Amino acid sequence: MNYQRFFEEAVDQVHAERRYRVFADLERIVGSFPRAIWRNNGQTKEITVWCSNDYLGMGQHPDVIAAMQNAVGRMGSGAGGTRNISGNNHPLVELENELADLHGKEAGLVFTSGFVSNEASISTIGRLLPNCLILSDELNHASMIEGVRRSGAEKKIFRHNDVAHLESLLQAAGRERAKLIVFESVYSMDGDIAPIKEIVELAERYNAMTYIDEVHAVGMYGARGGGISERDGLAHRIDIIEGTLAKAFGTLGGYITGTRTIIDAVRSYAPGFIFTTALPPAIAAATTASIRHLKASQVERDAQHRQAQRAKDVLSAAGFPVMPSVTHIVPILVGDPELCKMATDRLLGKHGIYIQPINYPTVPRGTERLRITPTPFHSDALIEELKDALIETWDALGIPYGEAGQPSLAKSDRIIPLLVPKSGG
């Protein structure tokens, strides 16, 4: 048995489908965000990053860095094990209290990543509710889909942001059956927003629980950075609010917030929490500093919204197919996986601009794109540089200009069934 052959064929298949991904070797420069050092074939070059999820640059904020350094100096680098074995490190207790306060909830629970928080929480809640029916938006993130699958509960998929379809599924289920509606606030590939108010009203009418993923919105929307649900005055009507610490807050981890009873149940039953080493105290302390800063400061949010809109305006005026987006996400349609990869390679090698191509299976075939995420630190001058580089790249590669049309049915990193290559013998 030649085991290596099966793995080689699996990778060859990804190459054949033009969706093999290469990760750039980058080193961010403290104090110079969004600049970074790119290492390639023994050479180094300073570049500008245009696709970071560190949406507000908080990963390099002086208060965040100081909090991390101070915690490492006092408590060391690691957590020492799972919380069941090693207990809670105190910065983690402070962080969970800060998160509960951010969303106006009784309690919070921190996980090692946003993926784990979704997978562990949704699967646990779905298992604990008797005869639960989970209703999931068709464009939910892979972590949510995995949580639904692992719950073992019956699931129904409603069309993206289609409240009429959702209501029909709720009606068919009846008021007495346990129901959990899982959806996102901001969908990251198209930058559209869920009809949260309408979904909450349906949940209240048909006696369903609500679970919202705010990972692309926490820190960036709302008076204190509580996300779209805070901005729209709806957080108190949502049962579970989930978020990440790795985007606008600039560190690492994921979390849920809700009533003490729900949080305690997930804490007590979720394998993804029970059997995983806790976040180190330094990360927890840095995150708390970031959240506290963004609760009090509107400067970063205002600047990001302003620069995101300017990028949309400048690129649209230049004729690029900027896909409609009401958030900080700026998608530019390419529509071909090879052209998309060629464009990003040219932008990096010739212009020193890093934008990772977004191809299948993250988005459907034919909707390949560049996904740009301007931050407060992407100045007007950098936007002009980006525009000029894109013009040169589009012209050199013959990529069509023109209208992008309506947002695609982006899968937002949905799980795609693994296609196992057939062996030659």
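Reply: Let us begin with a cavity. This is a predicted model, and the largest share of the lining of its largest cavity, 3 residues, comes from α11.

Me: How many cavities of 30 Å³ or more does the structure hold?

Reply: There are 2 of them. The largest cavity contains about 90 Å³ of space. Two or more residues of its lining come from each of α3 (83–86), β4 (107–111) and α11 (271–274).

Me: Which residues lie nearest the centre of the largest cavity, and how does its lining divide by class?

Reply: The lining is made up of 13 residues, and those nearest the centre are Val110, Phe273, Thr276, Thr277 and Ala278. By class, 7 of the lining residues are nonpolar, 5 are polar and 1 is charged.

Me: How should I turn from cavities to pockets?

Reply: In a cavity the probe fits but cannot get out, whereas a pocket is an open set of points. The largest pocket here has a volume of about 980 Å³. Its lining comprises 39 residues, with Cys51, Ser52, Asn53, Lys247 and Arg371 nearest the centre. The elements that contribute two or more residues to this lining are β1, β2, α5 (114–128) and β15 (357–358). Its classes are 16 nonpolar, 13 polar and 10 charged residues.

Me: What is the volume of the second largest pocket, and which residues are closest to its centre?

Reply: The volume of the second largest pocket is about 320 Å³. Among the 21 residues that line this pocket, Val22, Lys341, Asp345, Gln356 and Pro357 are the closest to its centre. At least two lining residues are supplied by each of β2, α14 (337–351) and β14 (353–354), and α14 gives the largest share, 5 residues. The lining of the second largest pocket has 9 nonpolar, 5 polar and 7 charged residues.

Me: Let us take the backbone next. Where is the cis peptide bond placed, given that it runs from Phe33 to Pro34?

Reply: For a peptide bond, one reads omega. The bond from Phe33 to Pro34 has omega near 10° and is cis. Pro34 is found in the loop between β1 (25–28) and β2 (35–40).

Me: Which value should I read for Asn41, and is this residue buried or exposed?

Reply: For Asn41, read phi, which is near 55°, a positive value in a residue other than glycine. Asn41 belongs to the loop between β2 and β3 (43–49). Asn41 counts as exposed because its relative accessibility is 72%, the cut-off being over 50%.

Me: What is phi of Asn207, and where does Asn207 lie?

Reply: Phi of Asn207 is near 60°, again positive in a residue other than glycine. The loop between α8 (196–205) and β10 (209–213) holds Asn207. With a relative accessibility of 43%, Asn207 counts as partly exposed.

Me: Salt bridges remain. How many does a search of the whole structure find?

Reply: The search finds 27. The criterion is a side-chain nitrogen of Lys or Arg within 4 Å of a carboxyl oxygen of Asp or Glu. Lys156 and Glu154 therefore qualify, since their closest N and O atoms are 3.8 Å apart. Lys156 is partly exposed at 34% relative accessibility, and Glu154 is partly exposed at 37%.

Me: Which parts of the chain does the salt bridge of Glu167 with Arg205 link?

Reply: The closest N and O atoms of Glu167 and Arg205 are 3.1 Å apart. The pair links distant parts of the chain, Glu167 being in helix α7 (residues 163–173) and Arg205 in helix α8, 38 residues apart.

Me: How far apart along the helix are Arg267 and Asp264?

Reply: Arg267 and Asp264 are separated by about one helical turn because they are 3 residues apart in helix α10 (residues 260–269). They form a salt bridge whose closest N and O atoms are 2.8 Å apart. Arg267 is partly exposed, with a relative accessible area of 38%, and Asp264 is partly exposed at 37%.

How values were computed:
Residues are numbered from 1 along each chain as its sequence is written. This is a predicted model: local features need pLDDT of at least 70, side-chain atom pairs count only at pLDDT 80 or more; totals for chains, interfaces and linings use all residues. Side-chain values use heavy atoms; hydrogens and water are left out. Helices (H or I, at least four residues) and strands (E, at least two) are DSSP runs, numbered from the N terminus. Buried means under 20% relative accessible area, exposed over 50%, partly exposed in between (1.4 Å probe, protein chains only). On a 1 Å grid over the protein atoms alone, a cavity is a set of points where a 1.4 Å probe fits but cannot get out, and a pocket is an open set with protein on both sides within 12 Å along at least five of seven lines; lining residues have an atom within 4 Å of a point. Grid points are joined across faces, edges and corners, and a volume is the space filled by probe spheres set on the points. Ala, Val, Leu, Ile, Met, Phe, Trp, Tyr, Cys and Pro count as nonpolar, Asp, Glu, Lys and Arg as charged, and the others, Gly among them, as polar.
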